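Hi everyone, thanks for coming. Have a look at the sequence and the model on the screen, and I'll talk you through a few spots.

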Amino acid sequence: MSEQTITVQHQKQTHDLEVRRMALYQQSKIIEANDDKTTYYLFFYKDHYLTYVKSPQVKTDSFADRAFTSGIVYSAQHPLTTAFLSSEKSFRKHSFEALFRKMEQKYTPCETGLIAAFFDSFIEKEELVSYLKELFYRYRRNGQTFLSYRIIRILLDVHPNHTWVQDFAKKMEFQTYAEWYDHPDRDLFQKDPLFAEKVYFHNLQDDSYFDALSTLLKQEDRLTDLLAITIYKFSKNPTEPHYHKLYSMLDEYLTKEQITDVLQCLLATTGDFQPITKDLIKLSSTLSMPHKMINMMTNHALTIPETEVPLVESVLDQIHVQSREIDVKQLNQFLPSLYQSDSIRLEKLLNKCVNQLLLDHDIAYVAKWAEPFKNTHPELPILRKINQMLEIENDPDQQQLLGELYFQFEHFQQAIECFSFEMELKEDDPKPVKWLSKVYQEMGLQDESKAYQQLYKNIQKNA
């Protein structure tokens, strides 16, 4: 699978980075990427890019650390990571001062404070506390007591043991609000949607919180987050009702190719979940993507539903074993159990496989690769050919036959070597010469073919 790359810019310097993973956590997304020397973290508020920082690691129990340990984390190759980064590939660095100034123009002080807290691993705590205190006093001076307490809640996440934070959190004027947050209800969630989303996110296993967060994300058109929590919900409890709900959402928002990628990723966590297997088989067939199905069956020891076997076989008929997307060496893991009643189709497919394997491996390797088929389909002609080739490979008296067998597999260079050896041993025998002419003709080398054809005629005249 190809690498996911992005570009970051600072002043006149540009760096190409390889994406490593993406974390979705509460209202944030964090992309971890690196070049040869440094790790970078790109921050997003909801779907909006903020800035990036570079650091060898994040501080323990910082916001970024919690995002990668308690959030929903995807690899660089996950389809949601790919889809999220597809619209923007280049990101400019903004200083914290410039970023917060811009955020204050665009968002409320509560949102700005929450965004500032994202960077507690990269800003000195006293400096961050000082900035949040400024936001607190803006509200307090205006008599907005509840809003000022919302900033206190953010400070309690950033620096819960700070003396100033502790003192103000315990003031009598805030005690009613403190009780609200200790026992949150729908009224509080309406008053503080930022806190509500935090509670929803950390309680996704609760259906009511999951539904509330889903509604919020739909309203804000945050598709990546919506899909992520739905996938997460299903992966934690892979039942058919949850799966049908997930698939319905995938079908609404993603292309069939993207759905296929998401379902393949889910197989890694759910195992042999039959509804996923069935849908992947149908999608692979619809999209004419046999390599997707092969990767699925080789990477996950799946049980193909009996009703889907004919469809699987029809998809496998389409495979091009020369494709780099297909690992032919793995096909012997599941092909024997599939083609129980159709030896003719299996014979054709095995011919393709053996042809490809002989490019990089000797006949002994191919014979070992073919062993699983001996138990299920001992009558296959191709198995007899392989065994015959293995037996006569080093027999100087059987090079003519070996060459003919290589020719049947379209391995012309090996056939030429066999016929040339035979010709040297039997200078008056026209048979290997005739075959050499035939091989060169198949290779499109007409001059060589004609030369051996003439030699063949000369030998026959002198016989």
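Predicted model: local features only at pLDDT ≥ 70, side-chain atom pairs only at ≥ 80, totals over all residues.

Residues are numbered from 1 along each chain as its sequence is written, and side-chain values use heavy atoms, with hydrogens and water left out.

So, how do we talk about helix pairs? Two packed helices are described by the angle between their axes and the distance between the axes. Helices (H or I, at least four residues) and strands (E, at least two) are DSSP runs, numbered from the N terminus. The axes are lines fitted to C-alpha atoms, for helices over the stretch in contact, and the angles run from 0 to 180 degrees between N-to-C directions.

Pair one: helix 12, residues 223-236, and helix 13, residues 240-253, have axes that come within 9 Å and cross at roughly 160 degrees. That makes helix 12 roughly antiparallel to helix 13; the label is for angles over 145, while under 35 degrees is roughly parallel, 65 to 115 roughly perpendicular, and the rest oblique.

Who's touching whom? Contact means heavy atoms within 4.5 Å. On the helix 12 side we have, among them, Leu223, Leu227 and Phe234, and helix 13 brings residues including Tyr243, Leu246 and Leu250. By class, this contact has 10 nonpolar, two polar and one charged residues. Nonpolar here is Ala, Val, Leu, Ile, Met, Phe, Trp, Tyr, Cys and Pro; charged is Asp, Glu, Lys and Arg; the others, Gly among them, are polar.

Pair two: helix 19 (residues 343-357) and helix 22 (residues 381-392) also have axes coming within 9 Å, crossing at roughly 30 degrees. Those two are therefore roughly parallel to each other. Glu347, Leu350, Asn351 and Val354 in helix 19 meet Pro381, Ile382 and Ile386 in helix 22.

Now, is Leu263 buried or exposed? This residue sits in helix 14, residues 256-270, and at 0% relative accessibility Leu263 counts as buried. Buried means under 20% relative accessible area, exposed over 50%, partly exposed in between, with a 1.4 Å probe and protein chains only. Beyond four places in sequence, Leu263 contacts residues including Tyr247, Ile276 and Leu283.

Last one: Asn34, in strand 3 (residues 28-34), counts as buried too, at 16% relative accessibility. Okay, that's my tour!
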